[in-house]
Structures are given as structure tokens and as C-alpha cells.
Amino acid sequence: MPSPADLSLRETVEALRSGQISSRELVAACLERIDRLEPHLHAFITLTPERALAQADEADRRLSAWRREPSAPLPELLGVPIAVKDVLTLEGVRCTCGSRILENFVPPYSATTVERLLAAGVIVVGKTNMDEFAMGSSTENSAYGATHNPWDLERVPGGSSGGSAAAVAARLVPAALGSDTGGSIRQPASFCGVTGLKVTYGRNSRYGLVAYGSSLDSVGVFTRSAADAAVLFVLMAGYDPRDATSLDVPVPEVHLEREEYLHGLRVGVPREYFIPGMQAEVEAAVRGAIETLGSLGAVVREVSLPHTEYALPVYYLIAPAEASANLARYDGVRFGLRVPADDPVEMFRLTRGAGFGPEVKRRIMLGTYALSAGYYEAYYGQAQKVRTLIKRDFDEAFQQVDVIAAPVAPTTAFRLGEHSDDPLAMYLEDVFTLPANLAGVPGLAFPVGFDGQGLPIGMQLMGAPFAEATLLRMAHVYQQVTDWHRREPTLVKL
Amino acid sequence: MTLSLAEVEHIADLARLALSDDEKTRFAGQLSAILDYARRLQAVDTTGIPPTSSVLPPQTILREDEPGACLSLEDVLGNAPQAEAGQFRVPPVLEG
């Protein structure tokens, strides 16, 4: 029987169909690995072993029936275990969002993206750890304790989807879902050496995604390769009448098997993404990967995204402003924590004071200030106008090139606690990932090297709206001639 | 710029957040530093630039007003801290 740690998502599907491994064996092996490695990693908030094993038995029944009658339709991912970031609802399983305020919240419905994968046959083994309400870049802001990076347990996995990234990097599951509001898929993918896809705004339904910054939030995936990410992308994407911001744009079929060459695809290298103070090894690895893309047939040229330096202040006004409105729903009335009081307003104040952690309070305060009378135009209004300029930078760049290639973060994974006392220093980690969210364009992060300490270095490809297939194809071609994405942390062998 | 404690208390009141004295002091310093950083946006000339509140094309999404399945009362109240007689129970809003 093959070890699930050795199987990619697509190989897992093959192993299940051919009967090399049953879904029960696979899920049991995943749960056993999780038991063994969780004390080191803390990638999960909630595990769902009984539910997962029962679903595995059901999948095995359907797989045996299918083997007897192979002409019958079979869901694409029947019996495949995955993990889901605890920001997406799964009916009947508590959804904490990394917060004490939702510690006992059991959602009565599943997110559309989760539901679509369930319909495709996946089995959810657990809900992964995250920065509270997806606010953070290290997963240290989880109310349930930090996740550790599988490559170096003293370091952060990135955030906010750090649990999902660590789970895929440690080979606990072949794939995991995440969300990306300002880099929360791409940055942890980079820090953990896995492939992470952030889709175009509006491509994937946000129904059942706990809201943070509604004009920026997107649902995406972590996998071991671009080819595996493509499988999930096609199944999850597409219009959902339950999300008024999901767009009715056809989802392409993505066939990567025959792709070996990047016939004249134009790659832009934005000069603003190579800045003084960034880790030299990160710049060298990303520039090396861009050269490789050139040798594979891509046409590389420099481009400019002149308003890049303003993305950070724009994001840290707009996202907290939207968060301050979205998180008003946590009032102790309908769900979540309630701290009793004699009058409703006192109940709201005490509930929110006790239920939210420091970073969430900080962003609610920041957003409330930016939206308050007398400051609205100077802060929020100006940020929205500069957002227009940032979006125009991308529109203009995509007149000249098909794809923009850039580092994901200025450094590799930093140490746990390194930025704990300085929120602004933590925000600066997001400098290269925020622009894609502000412009609404897709981004794909994947490993392109390692630094001297053995930590993964990621590159991101950004594309025009709805160009996910181009990004996946380019990364897939790169991954055919490189093996960075196949490297495993030594912890995997524990 | 430095946010005063009184300003921090005012914002916390708007946000319905009970903060400890320690939190108020810490947020006064941290929010001041973040807002100072954000002030660099004032240097950008945005004359004639429209604001972006969404990257989506401006559109109004309409659908037929057809009744459909919805959550049961049991599901809706299932997570309520306090429920009674098919309703959420809260402290009195008006003094009787």
C-alpha cells in the first residue's frame, strides 16, 4: 500500500480508482500522520475523524461498485481526503475562524466552494488553524495557538492560512482550502514551499466564507503542484446565485498534460517588487526562476507598477474599514459568545471585548477610525482613489504582458514572536501580495528555491482577471523542469 | 500624530468594544504609528480619480422573486446564546 504522504492529489485519485489503496486506508493513514505530527505543527483547530472514516467507507462502497460497472459516472475526487481552513463553513462542524467569539459556532450550511468539492467526493479530515478572522501574516493571531512551519518548527508558516499551508507541506493531506484577502494563501504557500492559488475576485463564491474584507476576500487552494491546483480550481470556480459578487464567467477546462513549452507567453518583471532591504537569496531565486521561464519559451521584459508602494497603506485602511463593518455582526445576539449584561449595548461591548483578540480589535479600531466623521475623506476616501490607480497599473501592464512574475514576500519564514510587538512590521510582510487583492487579479505562488537555512522561497505569477489557466500552465511547465515543489521537510519522515 | 486616550475611547465606543486600560494605552501608540504610515497617501495626486469600492463592473444583480428553501427555525436558533419561544432572547431594550 502506498503511503499517502507520497501521493499527490492526482496520484491519490489514481490509487483509489485502481484499488491500490482504499479510501478508508487512505483516510486512516492521514489521521494517523496527523496524530503523530500535530504535536509539532498544530495545523488544525478541529479534526473530524469519525465523520471522515464514515465517508471513506461510503466512498469505498461506491468505488467497488464502479469497478464492477466502470461505465457508471464517478465523482472526480471520490474518497480523497482534504483539509479546510476554519474560515469556510462545513455543515455540522464547528467553525471558529481562529476566534474565541466563535468557539462553539456550528454552521447549519456549507460554503459553496466546500459543497462543490463535497459533491466531487472529497472527505474533509479537519478544519485548519488560521490567524483570527484571517487577520495576520503568521498564524500567531489564532486564539488556539500558533502553527509551526514544517521546515523549521521555530518559524511561522505564514498566514493567515498557515494551518492549511503547513498541512500540505507536511504531507498530512494532498490539498487544503484557504482564503486570500491580502496574501493569506500566497504568503504561507511561499513560507511552506507549496503551491497556492488565489483566484480572480468574483471567480469563486464567497458564500460560507466568513467575511473579513468583502471587496478583497477570495477562496483558493494549497496543493503540492500547479497540476493539482488546476484540478481543484475547475471544480470550485463558477457563478453562485448565493453570492452577488460571484461572476457568471465560463470556467475553462485546464489541460496541462501536454504543456511543455511557453510559446511566446510574455512575462513582465515589475521593478517595484525588487526593493532595498529584501533578502538577497529571495531576489536571486526569483530572478533565477524568471530566467528559467525565459529558457522555456517565455518572453521576459521589465514592466512598471508605479503605485506599488501605496498598496500597503491603501490595504490597511480599506480592509480594516470593511472588517469593522463585517465584524459588527458579532454582538452576542444570534450566535457566538455572549457575555451577559443588563442592557444590550453593554452586552455588545463586553462580548466583543472578551471574544476578540488583539489584532482583530486593532483592525476594528483602525477601520472605525478611518470611517469616522471628520476622517472618512482623508483616510478611507483617499485610499479608495489610490486603489483605482493601483488597479490601473495592472490594467496597463496587462496590455504589454500576459503574466507578471514577482517575489511573494521580501523574506523567507520569520521566527515565531519576531514581529509580535510591532504590528506595522508584520504588515510590511504583505507588501508584495496586497496589490493583487486591491486590483482583484489572480495570483499563483510556488516554490523556486531555498535559502541558506533551508527555508523555501516562493515566486508569484499574477495574471489579468480570469487568467488563472495561464498562470497554472506556466507554473506547471516550470515544475516539469524543476523539483523545488517535490522537496519535503525532514519532519515528513518522523 | 498621536491619538489621545480620549480619542481611543471614542473609537472603542463607536465600535462597541470594551477595552482594558492597558489595551487603550497600547492601541493609542500602535494606531498612531499605523496612521502616520498611512498619511503617505496624502502625497498622491488623486484629482479627478474616481474611488474604487469594488473591482467588479458596475452592475445590478437581479433575480426572480421566487420562494425557495431556507434554514429551519431550529437551525437558525441552534447557535443562539439564549432563545425562547422561537426568538432570540436579549436583555430589555426599553425600560418597562
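In this predicted model, A:Met365, A:Thr368 and A:Tyr369 of H11(A) meet B:Ile11, B:Ala12 and B:Leu14 of H1(B); two residues are in contact if their C-beta atoms, placed from the backbone, lie within 7 Å. The residues of this contact comprise five nonpolar, one polar and no charged. Here Ala, Val, Leu, Ile, Met, Phe, Trp, Tyr, Cys and Pro count as nonpolar, Asp, Glu, Lys and Arg as charged, and the others, Gly among them, as polar. The axes of helix H11 (residues 358–371) of chain A and helix H1 (residues 5–14) of chain B come within 9 Å and cross at roughly 95°. H11(A) is therefore roughly perpendicular to H1(B), since angles of 65 to 115 degrees count as roughly perpendicular, under 35 as roughly parallel, over 145 as roughly antiparallel and the rest as oblique. Axes are lines fitted to C-alpha atoms, for helices over the stretch in contact, and angles run from 0 to 180 degrees between N-to-C directions.

Residues are numbered from 1 along each chain as its sequence is written, while chains are lettered from A and ligands numbered from 1 in the order in which they are written. As the model is predicted, local features need pLDDT of at least 70 and side-chain atom pairs count only at pLDDT 80 or more, whereas totals for chains, interfaces and linings use all residues. Helices (H or I, at least four residues) and strands (E, at least two) are DSSP runs, numbered from the N terminus.

**The sheet of chain A**

Eleven strands of chain A form an open sheet with mixed pairing, in the order S1-S3-S2-S4-S6-S5-S10-S11-S9-S7-S8; two strands pair if DSSP finds at least two bridges between them. Strand S1 (44–47) and strand S8 (299–303) stand at the edges with a single partner strand each, so one side of each is left without a neighbour in the sheet. On average, neighbouring strands of this sheet are turned by 30° against each other, direction ignored.

Within the sheet, strand S4 (residues 175–179) and strand S6 (residues 219–223) of chain A run antiparallel and are joined by five bridges. A:Leu177 has A:Val221 in S6(A) as its bridge partner. Helix H7 (residues 226–236) of chain A packs on the sheet and touches S4, strand S5 (195–198), S6 and strand S10 (443–450), its direction making about 145° with that of S6(A). Helix H2 (residues 23–41) of chain A lies across S1, strand S2 (81–85) and S3, running at about 20° to S3(A).

**The loop between S3 and H5**

A:Ser160 is placed in the loop between strand S3 (123–128) and helix H5 (162–169) of chain A. The peptide bond from A:Gly159 to A:Ser160 is cis, with omega near 10°. The loop between S3 and H5 also holds A:Ala134 and A:Thr139. A residue is buried if 20 or more other C-beta atoms lie within 10 Å of its own, exposed if 12 or fewer, and partly exposed in between.

| Residue (not glycine) | Phi | Burial: other C-beta atoms within 10 Å |
|---|---|---|
| A:Ala134 | positive, about 65° | buried, 30 atoms |
| A:Thr139 | positive, near 65° | buried, 35 atoms |

**The build of chain B**

Chain B has three helices and two strands, running α-α-α-β-β from the N terminus on. Its radius of gyration is 23 Å, whereas a compact globule of 96 residues would have one near 12 Å; the radius is taken over C-alpha atoms, and the globule rule is 2.2 Å times the number of residues to the power 0.38. Along the principal axes, the C-alpha atoms of chain B fill a box of roughly 55 × 45 × 25 Å. Of the 96 residues in chain B, 16% are buried.
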